[in-house]
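Dear colleague,

Please find below the structure that I am handing over to you, followed by an account of what was found in it.

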Amino acid sequence: MVTIYDIAAKAGVSAMTVSRVINNTGKISDKTRAKVQKVMEELNYVPNHMARSLVLQQSKLLFLLITDITNPFYTTLARGAEDSAKKQGYRLLFGNSDENAQKEKDYVDTILATRADGVLVAPAGDSSLPHLESLRRHNVPFVLLDREVPGMGSDVVLGDTKEGARKLVDHLTSRGHRRIALINGLPSISSARLRLEGFREALKLNDLEYDEQYVLETAFEPKSDLSDIESWLDSMNPPPTAIVAGNNVLAVEVIRTLMNRGIRVPEELSVVGFDDLGPYSEIDPFLTVIAQQAYQFGYLGMQMLIERIEERDQAPQPWRRIVLPAELIARRSVSLRE
């Protein structure tokens with residue numbers, strides 16, 4: 001293994017000078033820095049960041065823990081987080097909890113073991129509270145994304161998801177729909193609760209009755225078995241003319257189920273949802289959505305996190321809460337009802 005002493009000997013400088021080049025500390029001339037860096041490249045030297053973190057009490061390593069990396073919303077969010085981290089001199093690792101509390105706990109244990117400086121986290125749900133408390137006990141700053149956890153004060157970046165649900169219902173009613181159903185995430189997730197609240201409020205404002213048979217609460221994640229959606233569709237009597245999906249994954253699965261049954265969208269049943277289907281959805285724009293600013297979730301969340309990390313030796317500041325507006329994008333998945 002190549003050491004700083006090997007580099008120092010070949011470059012004709014002291015080991016302390018090599019250390020200063022690696023850690024970007026002290027006064028080193030540009031000529032000396034370039035000479036040391038050239039030798040490091042020739043010898044394929046990789047700095048030991050873990051040892052460095054023990055000395056500096058800072059690893060420059062951050063962690064992004066999300067619920068579903070295959071979801072275009074979180075993919076774009078991750079891009080924003082990484083761009084922001086890199087711009088400010090930090091490296092970023094990723095974890096995917098699949099909305100599973102045990103998997104989330106395992107990642108938190110890994111975060112603590114790697115001595116990450118901070119964490120951006122989209123919680124699995126209300127069950128995430130003890131995991132966040134563990135981070136706090138170990139003085140690891142974190143910022144919540146997209147979801148809140150009751151009982152845990154923290155910085156958070158959210159979308160105006162309740163207003164988004166209202167906009168979707170208003171759009172459907174403006175197109176003549178009166179029987180509107182909702183397929184949503186589980187009530188243990190704060191964003192799902194807010195979407196249900198917005199859905200119910202919009203129905204009331206449009207003089208429509210709320211009927212529990214028109215609501216299905218299920219996991220936000222992809223499913224191999226669509227039987228719960230199929231059973232729900234069969235149970236609604238009379239059937240809805242439109243369905244609001246709590247996220248893009250559920251919207252796709254509803255449309256897939258309808259296609260399997262030979263039900264045309266939007267001619268026979270309209271479908272709308274939250275979050276767009278990724279950067280390539282513009283090729284064949286179809287689904288009417290509430291588009292959240294996924295990139296800004298990650299970018300702003302990372303800025304807030306790094307500010308917390310670099311200010312943690314100062315007097316604590318009040319928790320910050322950013323709520324990003326949601327935009328309705330009307331496309332072809334909604335028919336006009338007479």
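Asp155 and Arg320 are joined through their side chains in a salt bridge, with N and O 3.3 Å apart; the term denotes a side-chain nitrogen of Lys or Arg within 4 Å of a carboxyl oxygen of Asp or Glu. The two residues are 165 apart and link distant parts of the chain, Asp155 being in strand β5 (residues 155-159) and Arg320 in the loop between α12 (294-310) and β11 (321-324). Helices (H or I, at least four residues) and strands (E, at least two) are DSSP runs, numbered from the N terminus. Asp155 is buried, at a relative accessible area of 0%, while Arg320 is partly exposed at 27%. Here buried means under 20% relative accessible area, exposed over 50%, and partly exposed in between (1.4 Å probe, protein chains only).

Please note that this is a predicted model, in which local features need pLDDT of at least 70 and side-chain atom pairs count only at pLDDT 80 or more, whereas totals for chains, interfaces and linings use all residues. Residues are numbered from 1 along each chain as its sequence is written, and side-chain values use heavy atoms, with hydrogens and water left out.

The structure holds 21 salt bridges. In one of them, the closest N and O atoms of Lys223 and Glu253 are 3.6 Å apart. Lys223 lies in the loop between β7 and α10 (227-235) and Glu253 in helix α11 (residues 248-260), so this pair ties together parts that are 30 residues apart in sequence. Both partners are buried: Lys223 has a relative accessible area of 17%, and Glu253 one of 4%. Salt bridges with shared partners also join Lys162, Glu163, Arg166, Glu197 and Glu201 into one network.

Asp68 is located in the loop between β1 (61-66) and α5 (72-87). Leaving aside residues up to four places away in sequence, Asp68 touches Tyr74, Asn96, Pro222 and Val249, where contact means heavy atoms within 4.5 Å.

As to the whole protein, there are 12 helices and 12 strands. Of its 338 residues, 49% count as buried. The C-alpha trace spans about 85 × 40 × 30 Å along its principal axes.

Yours sincerely
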